[in-house]
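Me: Could you walk me through reading a few features of this model? I'd like the general idea of each one, then the case at hand.

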Amino acid sequence: MSEFDKIIGYDAIKEELMQLCDMIHNTDIYRKLGAKMSRGLLLHGEPGVGKSLMAMSFIKESGRNSYIIRRNKHDGDFINEIKGVFSKAAQNAPSIILLDDMDKFVVEDKSKEEYVAVQACIDEVSSLDVYVIATANSIRDIPRSLLRAGRFDRKIRVYPPRGNDAEKIIRHYLESKSIISDVNFDDIAKMLIGRSCAELETIINEAAIYAGYERKEKLTMEHLVRSVLRIEYGVSDSLLPADASRLEKIAYHPPNHFKIPQQFEHFILA
């Protein structure tokens, strides 16, 4: 079983990651064609879409010595940690460094020293077999000099799952739940379109809590719909219509596609 099998959906992104791993494992094949390994990989997108899972799957599949840097110290101590980890990775090459949540490395706009340190360290190991992966929720405040080609050649935007990807992830999360046979996965996917993987998991888990509290043996479509309306739109259970079909109609259409009934409007979260 490949480590990439742990990633549900996102086939196009998995294909890119597998291509990079293939280059790591079969360097000679690519070298004969004049192809060089890309310098660095950046996975970016909103929180909860699985960026760290993708990075860890890549690291494990590569089989290399790995080192992870996360912001867990202050100022100078953190900069020293960055330098120390890069030094260890260089000494134990071939290796991989993961800069997890790189956009959180700097906690104050006034100081960019952490990014300067990362940039300098990447340049120092550029001639060694050290591969750098980074994840970020937003790249807006990361210096362009750090993101340029030669430091991060591959940049992959990870969007919230949609369509088939959303359906696959929903099926995955529901595998551990007891569900009724008439649950329509396509309808559920439409209800939850644009939600992150973490949001999908939370919504489905909350639906199971509804079912448990009602002492039901099966999780129903109504439980899922109520969970969507409460978690995503902030609609209190006491204000939801009793009619199941009307409940579903409301949940299928997010506010920008459907006019929420007037009695619910002031309960919808911005």
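**Reading the features one by one**

Me: Where is Asp101 placed?
Reply: Asp101 sits in the loop between strand 3 and helix 5. Helices (H or I, at least four residues) and strands (E, at least two) are DSSP runs, numbered from the N terminus. Before we go on, note that this is a predicted model, where local features need pLDDT of at least 70 and side-chain atom pairs count only at pLDDT 80 or more, while totals for chains, interfaces and linings use all residues. Residues are numbered from 1 along each chain as its sequence is written, and side-chain values use heavy atoms, with hydrogens and water left out.

Me: What is the phi of Asp101? And is Asp101 buried or partly exposed?
Reply: Asp101 has a positive phi of about 55°, although it is not a glycine. For accessibility, buried means under 20% relative accessible area, exposed means over 50%, and partly exposed lies in between (1.4 Å probe, protein chains only). Asp101 counts as partly exposed because its relative accessibility is 24%.

Me: Which phi does Tyr10 have?
Reply: Tyr10 also has a positive phi, about 50°, and it is not a glycine. Tyr10 lies in the segment before helix 1. With a relative accessibility of 6%, Tyr10 counts as buried.

Me: While we are on the backbone, what is the peptide bond from Ala93 to Pro94?
Reply: That bond, from Ala93 to Pro94, is cis, with omega near 5°. Pro94 is in the loop between helix 4 and strand 3.

Me: Let's step back to the whole chain. How many helices and strands are there in the protein?
Reply: There are 12 helices and five strands. Of the 270 residues in the protein, 44% are buried. A contact means heavy atoms within 4.5 Å. Among contacts with a separation of 6 or more, 70% come from residues 24 or more positions apart.

Me: What describes a pair of aromatic rings?
Reply: Such a pair is described by the distance of the centres and the angle of the planes. Rings of Phe, Tyr and Trp (its six-membered ring) pair if their centres lie within 6.5 Å; planes under 30 degrees apart count as stacked, over 60 as edge-to-face and the rest as tilted. By this rule there are two aromatic pairs. One of them is edge-to-face: Phe78 and Phe105, 5.1 Å centre to centre with 85° between the planes. This pair links distant parts of the chain, with Phe78 in helix 4 (residues 75-91) and Phe105 in the loop between strand 3 (95-99) and helix 5 (113-124), 27 residues apart. Phe78 is buried at a relative accessible area of 0%, and Phe105 is buried at 0% too.

Me: Which side chain makes a polar contact with the side chain of Asp100?
Reply: A polar contact is a pair of N or O atoms within 3.5 Å; within protein, one must be able to donate a hydrogen and the other to accept it, and residues adjacent in sequence count only if both atoms are side-chain atoms. Here the partner of Asp100 is the side chain of Thr135, at 2.6 Å. Thr135 belongs to strand 4 (residues 130-136), and it is buried, at 1% relative accessibility. Leaving aside neighbours within four places in sequence, Thr135 has contacts including Leu42, Lys51, Leu98, Asp101 and Met102.

Me: What describes two packed helices?
Reply: The angle between their axes and the distance between the axes. Axes are lines fitted to C-alpha atoms, for helices over the stretch in contact, and angles run from 0 to 180 degrees between N-to-C directions. Helix 1 (residues 11-25) and helix 3 (residues 51-62) pack at about 25°, with axes 10 Å apart. That makes helix 1 roughly parallel to helix 3. Angles under 35 degrees count as roughly parallel, over 145 as roughly antiparallel, 65 to 115 as roughly perpendicular and the rest as oblique. Residues in the contact include Ile13 and Leu17 of helix 1 and Met54 and Phe58 of helix 3.

Me: At what angle do helix 9 and helix 10 pack?
Reply: Helix 9 and helix 10 (residues 221-233) pack at about 125°, their axes 8 Å apart. That makes helix 9 oblique to helix 10. Among the residues that meet are Ile203 and Tyr210 in helix 9 and Leu224 and Ile231 in helix 10.
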